[in-house]
There are 2 protein chains.
Amino acid sequence: MPNTFHKPTQKDVAEVSGFAVTTVSRALADDPLIAEKTRKRIAQVAEELGYVPDRAAQRLRTGRTHVIALVLDPHGEILDFSGSMISGFAEVVRGTKYHITLTQHQTGEDPMDPIRHIVRNRLADGIVFARTEPDDPRVQYLMDAGFPFVTHGRTRMASHAWYDYDNEAFARIAVERLVAKGRSRLLIIPPLARYTFAEHMVSGFERAIAEHGVTGELPDGFDLNAPSDEIYSKLKTRLGDANRPDGLICPGEIAAISSLAAIEDAGLVLGTDIDVVAKQTSQVFDLHRPRIDTIHEDINAAGQTIARALLQEIDGAAPDTLQTLQHPRPGF
Amino acid sequence: MPNTFHKPTQKDVAEVSGFAVTTVSRALADDPLIAEKTRKRIAQVAEELGYVPDRAAQRLRTGRTHVIALVLDPHGEILDFSGSMISGFAEVVRGTKYHITLTQHQTGEDPMDPIRHIVRNRLADGIVFARTEPDDPRVQYLMDAGFPFVTHGRTRMASHAWYDYDNEAFARIAVERLVAKGRSRLLIIPPLARYTFAEHMVSGFERAIAEHGVTGELPDGFDLNAPSDEIYSKLKTRLGDANRPDGLICPGEIAAISSLAAIEDAGLVLGTDIDVVAKQTSQVFDLHRPRIDTIHEDINAAGQTIARALLQEIDGAAPDTLQTLQHPRPGF
DNA sequence: TCAAGCATTTATAACGTTATAAATGTTGTC
DNA sequence: GACAACATTTATAACGTTATAAATGCTTGA
């Protein structure tokens, strides 16, 4: 009889237990003013009645939403990125009193809009977003507003909570692996320059190149965010040159697959003419043939860490104590 | 000065416009009782002040949450499934007054729990979930409760809103393609039998097999949900047999990649000894070498369609008018 | 001119919770 | 036995909105 079901309120708990509504409220909030005996009795009655606090009422009264907002980028080419990240996030938030809401801004839109909307209308207690830029206006805005947030990616502003993958180390390790295989003319498919992580990755690449005395190339005309067929065709052309690269760094799986196609279609043989090191964020390359040398980035763990950091920040932790740099894990 | 910012309420709009709060409320709700002139004036003032209704207050008063709950399965092997689906969902919901919340149940847990929790505590106005079983208790519960929901996948219960991909057609087309290539000993990696879509796919497979007079095989000991290395090793063993299959149907990308590895490691040549048809839900096979024959399933479109259906159902549309069967689209 | 009828607006209460201030009971001290 | 001091409980109001019922002003017809 679900339609005759009446959701029990504090009033019901009060009537059954014989205490006032206020007392029930305080008891359930573990207010130390309430006598232990009373607290126990009220907790018992609440349990029996199946009382669950009404979020809307709590939210209206206190201003706290118990909501964490995930602001996603327009769905792009990063394979399974959002899915894994969300999954890690959900695992941590489950079991707390918080909920996750999702917002996705459209391609042409100002990424600032959803953030401002959430803050101004108190739609959440904290915000998470990814793909930061060095002078990210979202970060600046949230810091000014004193609003809890955690970013996936660093910025030039030092004292906020962030999680980042060490892309400088990624590039360095990738170069080292290729050099160890005897490669000396390396090419990296760079991320879009406006993202902070692109700077790290490129700087790691360039430093490692210099250290090992090999040549490094950042291609013109395409990047990690380009359509995969564009990466494919430009790379194929490049691989037709006499001075073609003999080592490729692909910081993404779709780019790696496009690269493998370009290599094959250019008539080159992987492992003989050229080698590839790719970043791996999913299972795609676990059993792939030809075998691909990969360096892992654990997106699920990122989601978990970010969620934990945000919950801590909402509970009052200082943002600059909530910074995690994740080191690359070697592939299989 | 974000901390001195006062979120404008109907009271503010009322004071500035000179009308009563009630009138403001009605005007903003487009109540026909309100004079057109008044409505316009109030709308103008609300706009100027940047008034946005307080969801918590609306929710407390009306019981409507303006929330749509996405209940996700534990993050599994389906590549990018959640990500694309969520993305399509978000695109549709953006611009409406609805929000999306995410819940994910853990592996060992009763999938019913989050659903019951949402319904009993009115945490949302509608629910979406995937991977239905023929006698899905979640569907039964929600129908009994009269709670709006849309499933990804059908059930035995006819009159609820659902979206489904025509997996019977998928299997049929896959068989036809392999037969057209001269293959006659086909093997399909079946989905877990408990899901409704497994029945459809298997029945499509078996019918097509019979029609074309070829042999069909559903392997024992592994399925689409098995760990990929298990699929790989069992398939490799099977491909070592004398009576090995010469055509493989892989209804998932990770399974397809594992299969390709098994084929290669068994010493067989794709296109000569054996052919593969795979279901494609991401970009992985767009530029893959070797080229893979795929049949598309557009997860993003699924998300969009499901979101639209749910919004309609919340607005009162009859559930049995909200059923979509998506036909397979040929791969590249 | 007055009442009836209509169009429009408004006062009041309520949703379920918690912050504030007030009230009650209990103990100890002189 | 009175009073202060404390521990504990409670009444009241408020968060911002909307449903209900009441009130206002204006038009119309006699």
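Reader: Hey, which residue of S2(B) stands opposite A:Thr101?
Author: B:Thr101 does. Just so you know, this is a predicted model, so local features need pLDDT of at least 70, side-chain atom pairs count only at pLDDT 80 or more, and totals for chains, interfaces and linings use all residues. Residues are numbered from 1 along each chain as its sequence is written, while chains are lettered from A and ligands numbered from 1 in the order in which they are written.

Reader: In which sense do S2(A) and S2(B) pair?
Author: Antiparallel, over three bridges; S2 of chain A covers residues 99–104. Two strands pair if DSSP finds at least two bridges between them. The labels stand for DSSP runs numbered from the N terminus: helices are H or I with at least four residues, strands are E with at least two.

Reader: How many strands are in the open sheet, and in what order?
Author: There are 12, with mixed pairing, in the order S11(A)-S5(A)-S4(A)-S3(A)-S1(A)-S2(A)-S2(B)-S1(B)-S3(B)-S4(B)-S5(B)-S11(B). The edge strands are S11 (323–326) of chain A and S11 (323–326) of chain B, each pairing on one side only. From one strand to the next, the twist averages 20°.

Reader: And in which sense do S5(B) and S11(B) pair?
Author: Parallel, over four bridges, with S5 of chain B being residues 161–165. B:Asp164 has B:Leu325 in S11(B) as its bridge partner.

Reader: OK, new topic. How many residues of chain B are in contact with chain A?
Author: 46 residues of chain B, and they meet 47 residues of chain A. Contact is when the C-beta atoms of two residues, placed from the backbone, lie within 7 Å.

Reader: Which element gives the most to the side of chain B that touches chain A?
Author: That's H5(B), with eight residues. By class, that side of chain B has 19 nonpolar, 16 polar and 11 charged residues. Nonpolar covers Ala, Val, Leu, Ile, Met, Phe, Trp, Tyr, Cys and Pro; charged is Asp, Glu, Lys and Arg; the others, Gly among them, are polar.

Reader: Now the DNA! How many residues surround DNA strand D?
Author: 24, and the closest are B:Thr9, B:Gln10, B:Ser25, B:Asp54 and B:Ala57. A residue is near a molecule or strand if its C-beta atom, placed from the backbone, lies within 6 Å of it. H4(B) gives the most to that surface, with five residues.

Reader: And which element gives the most near DNA strand C?
Author: H4(A), also with five residues. A:Thr9 and A:Gln10 are among the residues that come nearest to DNA strand C.

Reader: Last one: at what angle do H2(B) and H3(B) pack?
Author: About 95°, with their axes 9 Å apart. They are therefore roughly perpendicular to each other. Axes are lines fitted to C-alpha atoms, for helices over the stretch in contact, and angles run from 0 to 180 degrees between N-to-C directions. Under 35 degrees counts as roughly parallel, over 145 as roughly antiparallel, 65 to 115 as roughly perpendicular and the rest as oblique.
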